[in-house]
Number of protein chains: 2
Amino acid sequence: MDAETLAARLTLTDEGLIPAIVQQHDSGEVLMMAWMTPETLAETIALGQTVFWSRSRGERWHKGATSGNTQDVRSIHLDCDGDVLLIEVDQGPDGVACHTGARTCFTPLVDVQPRS
Amino acid sequence: MDAETLAARLTLTDEGLIPAIVQQHDSGEVLMMAWMTPETLAETIALGQTVFWSRSRGERWHKGATSGNTQDVRSIHLDCDGDVLLIEVDQGPDGVACHTGARTCFTPLVDVQPRS
């Protein structure tokens, strides 16, 4: 699917972006959230690996191209409003998503008392 | 933790918001993504149920207050940049996250050919 066709399916931000939640396909672990353009989504589909848009660097970002921590794409979902992507990947048993070297970008923020 | 303390930990958008990924705690299913303010996050922690900020209505939104489809919070995580929340919830065996009546807001967008 090309970028133009994808763009017609997506609800983009004013900057032309869409958030992409990245999840490890077998464990269900949510690894990170990053941003895509229709062009980087089209490239993700064609390549079979995640390609994002770096807002800080203002450029295309093929994750793992430098670090080796690529993410092989297993499935791509879109939400009911068309404005959030969910991408199931395999980052491999030793793969890390986070620039800190952790498997996932998420760490506990606060303890929550379960409702009885 | 109060809203002011939370706000100091979070990196908010220009609109004062932070995206919150909501995941079913046991199945790992990603249910939806919505937005919070420091105030609705503080209320989420205090109440033990998800409370969002509705961008379309411009108001606080206690999910399920009308529909009954509340989400009991099990854990709250923050990502490495401080700008994305991951909230593990229990929406119950018959709970639905989506306004369409589906368990999850996400549906397949496109088939991806696995890399060999």
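Me: Why is the pairing of Asp83(B) with Arg55(A) called a salt bridge?

Reply: In this predicted model, the closest N and O atoms of Asp83(B) and Arg55(A) are 3.8 Å apart. A salt bridge requires a side-chain nitrogen of Lys or Arg within 4 Å of a carboxyl oxygen of Asp or Glu, and therefore this pair, at 3.8 Å, is counted as one. The rule finds 2 salt bridges across the interface of chain B and chain A, and it also finds 8 residue pairs in polar contact there.

Me: Which parts of chain B supply the side that touches chain A?

Reply: Several elements of chain B each supply at least two residues, among them helix 1 (3–9), helix 2 (38–47), strand 5 (72–79) and strand 7 (106–110). Strand 5 of chain B gives the most, with 7 residues. Sorted by type, the residues on this side of chain B divide into 23 nonpolar, 8 polar and 8 charged.

Me: How is the size of the interface between chain B and chain A expressed, and what is its value?

Reply: The size of an interface is often given as the accessible area lost when the parts come together. For chain B and chain A this comes to about 3400 Å², with 70% of it on carbon and sulfur atoms. In chain B, the residues that lose the most area to chain A are Phe106(B), Leu109(B) and Arg115(B), which together make up 21% of what that side buries. Counted by residues, the contact takes 39 from chain B and 39 from chain A.

Me: What makes strand 5 of chain A and strand 7 of chain B a pair?

Reply: Two strands are said to pair if at least two bridges are found between them. Strand 5 (residues 72–79) of chain A and strand 7 of chain B are joined over 4 bridges, in the antiparallel sense, and therefore they meet that condition. Within this arrangement, Ile76(A) stands opposite Val110(B).

Me: Why is Thr40(B) called buried?

Reply: The relative accessibility of Thr40(B) is 3%, and because buried means under 20%, Thr40(B) counts as buried. Thr40(B) is found in helix 2 of chain B, where the buried residues also include Leu41(B), Ala42(B) and Ile45(B). The side chain of Thr40(B) reaches the backbone oxygen of Val51(B) at 3.3 Å. Leaving aside neighbours within four places in sequence, Thr40(B) is in contact with Val51(B), Phe52(B), Trp53(B) and Arg60(B).

Me: What does the side chain of Asn69(B) reach?

Reply: Asn69(B) lies in the loop between strand 4 (59–62) and strand 5 of chain B, and its side chain reaches the backbone nitrogen of Val96(B) at 3.4 Å. With residues up to four places away in sequence left out, Asn69(B) touches Lys63(B), Gly64(B), Gly95(B) and Val96(B).

How values were computed:
Residues are numbered from 1 along each chain as its sequence is written. Chains are lettered from A and ligands numbered from 1 in the order in which they are written. This is a predicted model: local features need pLDDT of at least 70, side-chain atom pairs count only at pLDDT 80 or more; totals for chains, interfaces and linings use all residues. Side-chain values use heavy atoms; hydrogens and water are left out. Contact means heavy atoms within 4.5 Å. Buried area is the accessible area (1.4 Å probe) that two parts lose on being put together, summed over both. A polar contact is a pair of N or O atoms within 3.5 Å; within protein, one must be able to donate a hydrogen and the other to accept it, and residues adjacent in sequence count only if both atoms are side-chain atoms. Ala, Val, Leu, Ile, Met, Phe, Trp, Tyr, Cys and Pro count as nonpolar, Asp, Glu, Lys and Arg as charged, and the others, Gly among them, as polar. Buried means under 20% relative accessible area, exposed over 50%, partly exposed in between (1.4 Å probe, protein chains only).
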